[in-house]
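Reader: I would like to learn how to read a few features of a protein model, one after another. Could you take me through them?

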Amino acid sequence: MAIVGGGPAGLTLAAALAQQGGFEIAVFERADDHFSAETYNPDRSYTIDITGHGLRAARFIGITDRFDAGLIHFKGLRTAPHPWIHRLGVGFAEEPYHGRGWTGSRGDICRCLQAHVLERYADSVALHFGVEATVVDAGQPQLRIASRDDVAGEGRRFDLVVGCDGGGSGVRRSIAEQASGFAVEGADLGNHSLMLHLDQHLDELDPHYLYVLAVEPVMAVAGAINGPRGPADPRWFCQIGFSGTMRFDSAADAGRFLDRAHPLLRHFASDTKVEEFSQRQCLPTGKTKRCSSLVAGRVALLGDAGAPVPPVGQGVNAAMEGATVLAQCLHEHRDSLDAALAAYAATWGRETDALRRIAMTVDLSQPLTPFRILMASFLGYSGLRLAKREDLSYAEAWETFRRGEDRIRCTPLGVCGKTA
C-alpha cells in the first residue's frame, strides 16, 4: 500500500494498518520529516484541538499516552464578554470540556504520530520524506516517485494508493483527469484568516483552554501550541477570521482594527506582533470540495484530500477518524479489496457530507453568523459543539443541529436561522 502524504491522516492510517497486521506500507511525503521541520510557523500555527472523533482515533491506534506527554491537555473554551461588558470588569465565560483531549499545532501532532509509527511499526511502515509521489494510473494503480535529487523518478505499482495530501491534493487532481464519472464540486464561503502572535500578559491565559476573543466584526480564537521546549514552553497564536480578504495600510491601521474588534486583542499582542500581523498575507479558509466518491479505481482519498471543509475544529479529528474507518474496512474485507473500498466510500462518505454541512453554517459573509453561533450554543444545539462529541457521529450531530434550526425557524428568532 502507498500512502501519499505524511500528515495526520497519512500517519494515522499507517499506524492503524500496521496495528491490524498483514499490510506492507510506504508513506511518501514531499516535505521534510516532522522532527527536522520548524517547531512553529507564525503565519500558520493555529491551535488544533484533538477531541471527540480524534480521541476515538487516538484510542484506536494506542497513542493517547504519547499525546498526554507531547501535547497540551485541553480543558475547554473561554469566551470574552462583549467589549463594553469587558470594560465593566466582567471576565471570561467558561465552557468546560469534560472528556480527554489535547491541543497543539499540526506539527506538534505530526511529531507525536511520526514517533509512534517509528517506535512501534518500523518493520512494516517505510517513511519517505522529501519525495514527490504522483498518480500515473489510478486503475492499476501506479505512482511516479521522485526525490529532490532525481527529478525523473521511477514508476512503482501498488495494490492500493491512498491520497492523504491535503486540500490541494495532487492525487485528487490526477483522479479527476483519469477516472470517468469522478467529479469534484467546489464552493467558497469567502472566509479568510490572519494569524496574530500573542506575546504579552500571557500569565492571564491558561494554555489548557481555547479563547474566543471576538465574534464580531471578526472571529478571533486564540490557543497555545508547543514552544521550542515542548508543552511547558507554550507559544500563543490567535486565528482571526474575516468574511473576505483583508489588507492593512500600516501597523497603526491594524492596531485600530484590532481595538475595534476587542481590546483584549491589543492587550495580549505587543506593537511588534501587531506590525507583523499587518504585513501577513490573508489566507483563504472558506473553500470546500465534494468528491462524487472517496474512491476511484484502486485509489482512495482521505482527510482534506477527499473532503476539505472550512475550519470548524474538525479537520484533523475527521482525518484521523477517517483513517481508522478505512483501516477497519480493509481489515474486515481482506478477501476483497473492492468490497473494502466500497464500504469505506459509503460509510465515511456519509460522515464527510454531514461534516461539510456543519462547516458551511460558519459563513462569515452572513452578518448574523456570529449571533447564530452564540444562539445555537446557548440553546444547546450548536453544530460546532455537537461535532466535538465522542458519542455522536457527524451525521447524528448534523441532524441534531438541523432539528434545532427548524425549531428556531418557527419562532420570532427565525430570521436568524439558516440551514446549509
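**Reading the features**

Author: Phe67 counts as buried, at 0% relative accessibility, where buried means under 20% relative accessible area, exposed over 50% and partly exposed in between, computed with a 1.4 Å probe on protein chains only. This is a predicted model, in which local features need pLDDT of at least 70 and side-chain atom pairs count only at pLDDT 80 or more, whereas totals for chains, interfaces and linings use all residues. Residues are numbered from 1 along each chain as its sequence is written, and side-chain values use heavy atoms, with hydrogens and water left out.

Reader: Why is the pair of Phe242 and Phe257 called tilted?

Author: The ring centres of Phe242 and Phe257 are 5.7 Å apart and their planes stand at 40°, so the pair is tilted. Phe242 and Phe257 are both buried, and together with Phe248 and Phe277 they form one aromatic cluster.

Reader: How many disulfides are there?

Author: A disulfide is a covalent bond between the sulfur atoms of two cysteines. With the cut-off that the two cysteine sulfur atoms must be within 2.5 Å, the count comes to 0 disulfides. The sulfur of Cys112 has its closest cysteine sulfur in Cys110, at 9.5 Å, which is too far for a bond. Cys291 is in no disulfide either, the nearest cysteine sulfur being that of Cys164, 13 Å away. Cys112 is buried at 7% relative accessibility, and Cys291 is buried at 6%.

Reader: How many bridges join strand β9 to strand β10?

Author: Two strands pair if DSSP finds at least two bridges between them. Strand β9 (residues 131–137) and strand β10 (residues 142–147) run antiparallel and are joined by 6 bridges, with Glu132 opposite Ala146 in β10, and a hairpin of 4 residues connects β9 to β10. Strand β10 is also joined to strand β11 (residues 150–157) by 5 bridges, again antiparallel, and the hairpin that β10 and β11 form has 2 residues between them.

Reader: Where does Pro141 lie, and what kind of peptide bond joins Gln140 and Pro141?

Author: Most residues other than glycine have a negative phi, and most peptide bonds are trans. Pro141 lies in the loop between β9 and β10, and the bond that joins Gln140 and Pro141 is a cis peptide bond, with omega about -10°. His201, in the loop between β14 (192–198) and β15 (209–214), has a positive phi near 55°, and His201 counts as partly exposed at 37% relative accessibility.

How values were computed:
Rings of Phe, Tyr and Trp (its six-membered ring) pair if their centres lie within 6.5 Å; planes under 30 degrees apart count as stacked, over 60 as edge-to-face and the rest as tilted.
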